[in-house]
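Me: I have a protein model open and want to learn how to read it. Can we go through it feature by feature?

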Amino acid sequence: MPHAALPSPLLSPSFLLTAVFAAFLLAGLALRLWLASRQIRHVARHRDAVPAPFAGRIPLAAHQKAAGYTIAKARFGLLDAAIGAAVLLGWTLLGGLDALNQALLSALGGGMVQQLALLGAFALISGLIDLPGTLYQTFVIEQRFGFNQMTPRLWLADLLKSTLMGAAIGLPIAALILWLMGAAGPLWWLWAWCAWMGFNLLLMVVYPLFIAPLFNKFQPLEDESLKARVTALMQRCGFAAKGLFVMDGSRRSAHANAYFTGFGAAKRVVFYDTLLKQLTPGEVEAVLAHELGHFKHRHIVKRIVSLFALSLAGFALLGWLSTQGWFYTGLGVMPNLSLDGVPGAAPNDALALLLFLLAVPVFTFFISPLFAQLSRRHEFEADAYAMAQASGADLAAALLKLYEDNASTLTPDPVYVKFYYSHPPASERLARMPLVPAP
């Protein structure tokens, strides 16, 4: 009697996942390196002359500083992308996560403590790996171009606070999700998604009131004329906020910004102190009108709804993948599953979470231009709203100052823009605005 043909290991789901993951990882790295190289060449090629639409408005020295800053960040991005891909490969196909899991299983046995220890150890090791790059960005690149205002002591204090805050917030929600994965049955992912969304909504209320003040000082806006102007604008736009605040952003960086934070009754308008120093009251009003444009067009609500939908799909996918042995073995981890697929003595829930968080960005990177394009469209809509509610010339003047002061290049590579830029480049935004004649 002839023997039944054995399935080829090359066609097993585990091998196919390994091959597809490796292919996407290498393709993503190649694409990142190609895009960064294009950006470097394009910016360098145009660094010696201010583009015609900005001639007389942006000094050549400022244009060249922006080019140097952009090139420095892009060159660091080349190294960061290569290191990131190597680290990801080390965690997955080369067995790093599996080794960490096995070591903790030997030391702690299977259970909630071991799973939380795995998540915590992974976060700690990942943070240590990222630490040199963070230090280089802050104290070399940002320092070289005059943006860093942080002392080593302040940087260390921020690191300690953020680590403790991350543990205080992250461990309880991680424990809740892990408990649901083990106790809520086949639809655990639906309950976990509800918990995750509730946590995010709660954080939107809690963050501006209790977390942000741990890192920065927030003082009520004291300029009465500016306050009256801003309040009148918000009333015209039908926007209610809990208060107008100035944040001491200059303690850490010379970059300027303004933003809304909070949710519901906790909404706040926050201005960086650097922004108020750089812009006139009319320009501040125009920048705020742009932010109100996002509110008026419901961009924030749309993004929250999109986050809800995408995270629901992600949790549902995780719910299925976590029961598939090939999901673990295909990514370099030996799960605690018996041959018939019945879970073993130790749960795999933390492993499934980490593998999913490591693997998903490898595949979703290729659709990121779609989200960038949507974001740029939202920025154009907010600009149009701002020009209807405030002075378009003031908005253009404010953007010019911010591009100059933040050393944002005026000549980015068009392909790089399409892939990465969440905001339209200066040439596209200002082409739709009335420009005051150059002096």
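Predicted model: local features only at pLDDT ≥ 70, side-chain atom pairs only at ≥ 80, totals over all residues.

Me: In which helix is Thr274 found?

Reply: Helices (H or I, at least four residues) and strands (E, at least two) are DSSP runs, numbered from the N terminus. Thr274 is found in helix α8, residues 273-278. Gln278 is found in helix α8 too.

Me: Is Thr274 buried or exposed?

Reply: Buried means under 20% relative accessible area, exposed over 50%, and partly exposed in between, using a 1.4 Å probe and protein chains only. Thr274 has a relative accessible area of 8%, so it is buried. Gln278 has 21%, so it is partly exposed.

Me: Which residues is Thr274 in contact with?

Reply: Contact means heavy atoms within 4.5 Å. Leaving aside neighbours within four places in sequence, Thr274 is in contact with Ser250, Ser253, Ala254, His255 and Ala256. The Thr274 side chain also reaches the backbone oxygen of His255, at 3.0 Å. Gln278, not counting residues up to four places away, touches Ala254, Ala256, Glu283, Lys401, Leu402 and Asp405.

Me: How many residues apart in sequence are Gln278 and Leu430?

Reply: They are 152 residues apart in sequence. In space, Gln278 and Leu430 are 19 Å apart, C-alpha to C-alpha.

Me: Which residues does UniProt list for "transmembrane region"?

Reply: UniProt positions are given in the numbering used here, feature names are shortened, and annotations may be inferred rather than shown by experiment. The unreviewed UniProt entry lists 15-35, 78-97, 117-141, 162-182, 188-210, 304-330 and 350-372. Look at two of those spans in the model. Residues 15-35 are 100% helix and 0% strand, with end C-alpha atoms 30 Å apart. Residues 188-210 are also 100% helix and 0% strand, and their end C-alpha atoms lie 31 Å apart.

Me: How many cavities of 30 Å³ or more are there?

Reply: Work on a 1 Å grid over the protein atoms alone: a cavity is a set of points where a 1.4 Å probe fits but cannot get out, a pocket is an open set with protein on both sides within 12 Å along at least five of seven lines, and lining residues have an atom within 4 Å of a point. Grid points are joined across faces, edges and corners, and a volume is the space filled by probe spheres set on the points. The count is two cavities of 30 Å³ or more. The largest cavity holds about 50 Å³.

Me: Which residues line the largest cavity?

Reply: They are Ile58, Ala62, His63, Ala66, Tyr403, Glu404, Ser408, Thr409 and Leu410. Helix α2 gives the largest share of this lining, three residues. For classes, Ala, Val, Leu, Ile, Met, Phe, Trp, Tyr, Cys and Pro count as nonpolar, Asp, Glu, Lys and Arg as charged, and the others, Gly among them, as polar. The lining of the largest cavity has five nonpolar, three polar and one charged.

Me: How many residues line the second largest pocket?

Reply: The lining has 49 residues, and Trp196, Leu353, Leu354, Phe356 and Leu357 lie nearest the centre. The second largest pocket holds about 1,800 Å³ of space. Helix α5 gives the most to its lining, with 14 residues.

Technical notes: Residues numbered from 1 in each chain as written. Heavy atoms only, no water. Polar contact = N/O pair within 3.5 Å; in protein donor to acceptor, adjacent residues only side chain to side chain.
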